[in-house]
Amino acid sequence: MARRKKIKQAFWFTRIAKWASRTAGKPSTFMVALVIIFVWLLTGPIFHFSDTWQLVINTSTTIITFLMVFLIQSTQNRDQEALQIKLDEVLRSMENAHTVLLDLEELDDEELDMIRQDYLQLAKKAREGLRRGKDDRGVPEV
C-alpha cells in the first residue's frame, strides 16, 4: 500500500515537472514574462519606486527560480535515464559489443578513466592508420 502511494506521488511530481518544463521553454511563456516585467516597470511611478515595489519582483523571481531549478533537474534526470536505457539497448543488441560497458555510469572516476584510456589508444591507432592509408572501419579489439 505504501509503495502504491509513493508511485502516485512520483507520478504527480513527474507530470508537473514535465508540464512546467515544456511550458517554460515556449516562446509564449517568455512573452508572458516580458509583459509581467513591463507591467511591473510601469507601476514603478505609481508606487514611487518603493522598497515594497522592488521586493515584489525580487521575491517573485527568486521563488520561480528556486522552483524551476528542481523541476529542470528532475526533467534532465529523467531524460538522461531514458537516453541511457536507449544506449544500453543499442549496445546490448550489437554483435561483438562489449556489454561490460552497459553500466559505465555506475563506475567511479578512476575506473572510467582507465576505460577511457583504452578508447583513446584505440582512436590514436586508428588516426595513425589513416595517415598511412589504412581503413579505420571495423571492430578492433579493445
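1. Leu112 sits in helix 4, residues 109–131. Helices here are DSSP runs of H or I with at least four residues, numbered from the N terminus. Leu112 is partly exposed because its relative accessible area is 31%; buried means under 20%, exposed over 50%, and partly exposed in between, with a 1.4 Å probe and protein chains only. From Leu112 to Arg131 the C-alpha distance is 29 Å, across 19 residues of sequence.

2. On the basis of this note: the model is predicted, so local features need pLDDT of at least 70 and side-chain atom pairs count only at pLDDT 80 or more, while totals for chains, interfaces and linings use all residues. Residues are numbered from 1 along each chain as its sequence is written, and side-chain values use heavy atoms, with hydrogens and water left out.

3. Next, the largest pocket. It holds about 590 Å³ of space. The search runs on a 1 Å grid over the protein atoms alone; a pocket is an open set of points where a 1.4 Å probe fits, with protein on both sides within 12 Å along at least five of seven lines. Points are joined across faces, edges and corners, and the volume is the space filled by probe spheres set on them. There are 22 lining residues, each with an atom within 4 Å of a point. Closest to the centre of the pocket are Thr29, Ala33, Ser60, Ile64 and Met68.

4. Which helix gives the most to the lining of the largest pocket? Helix 3 does, with eight residues. Helix 1 (2–24), helix 2 (27–43) and helix 3 (51–93) each supply at least two. By class, the lining has 18 nonpolar residues, four polar and no charged. Nonpolar covers Ala, Val, Leu, Ile, Met, Phe, Trp, Tyr, Cys and Pro; charged covers Asp, Glu, Lys and Arg; the others, Gly among them, are polar.

5. There is a nonpolar surface patch. Its members are Ile63, Phe66, Leu67, Val69 and Phe70, and together they have about 520 Å² of accessible area. Patch residues have over 30% relative accessible area and no salt bridge, and nonpolar side chains are joined within 5 Å. Areas come from the Shrake-Rupley method with a 1.4 Å probe. Val69 belongs to helix 3. Its relative accessibility is 49%, so Val69 counts as partly exposed.

6. How many salt bridges does a search of the whole structure find? Two. The criterion is a side-chain nitrogen of Lys or Arg within 4 Å of a carboxyl oxygen of Asp or Glu. One joins Glu89 to Arg92, at 2.5 Å from N to O. Both residues lie in helix 3, three residues apart, about one turn of the helix. Glu89 is partly exposed at 38% relative accessibility, and Arg92 is partly exposed at 48%.

7. Arg137 and Asp135 also form a salt bridge, with the closest N and O atoms 3.0 Å apart. Arg137 is exposed, at 68% relative accessible area. Asp135 is exposed too, at 51%.

8. Check the backbone at two loop residues. Most residues other than glycine have a negative phi. Phe49 has a positive phi, near 50°. Phe49 lies in the loop between helix 2 and helix 3 and is partly exposed at 46% relative accessible area. Asn96 also has a positive phi, near 70°. Asn96 lies in the loop between helix 3 and helix 4. With 56% relative accessibility, Asn96 counts as exposed.

9. The C-alpha atoms of Trp53 and Ile115 are separated by 56 Å, and the two residues are 62 apart along the chain.

Methods. Patch = residues over 30% accessible without salt bridge, like charges linked within 9 Å, V, L, I, M, F, W, Y side chains within 5 Å.
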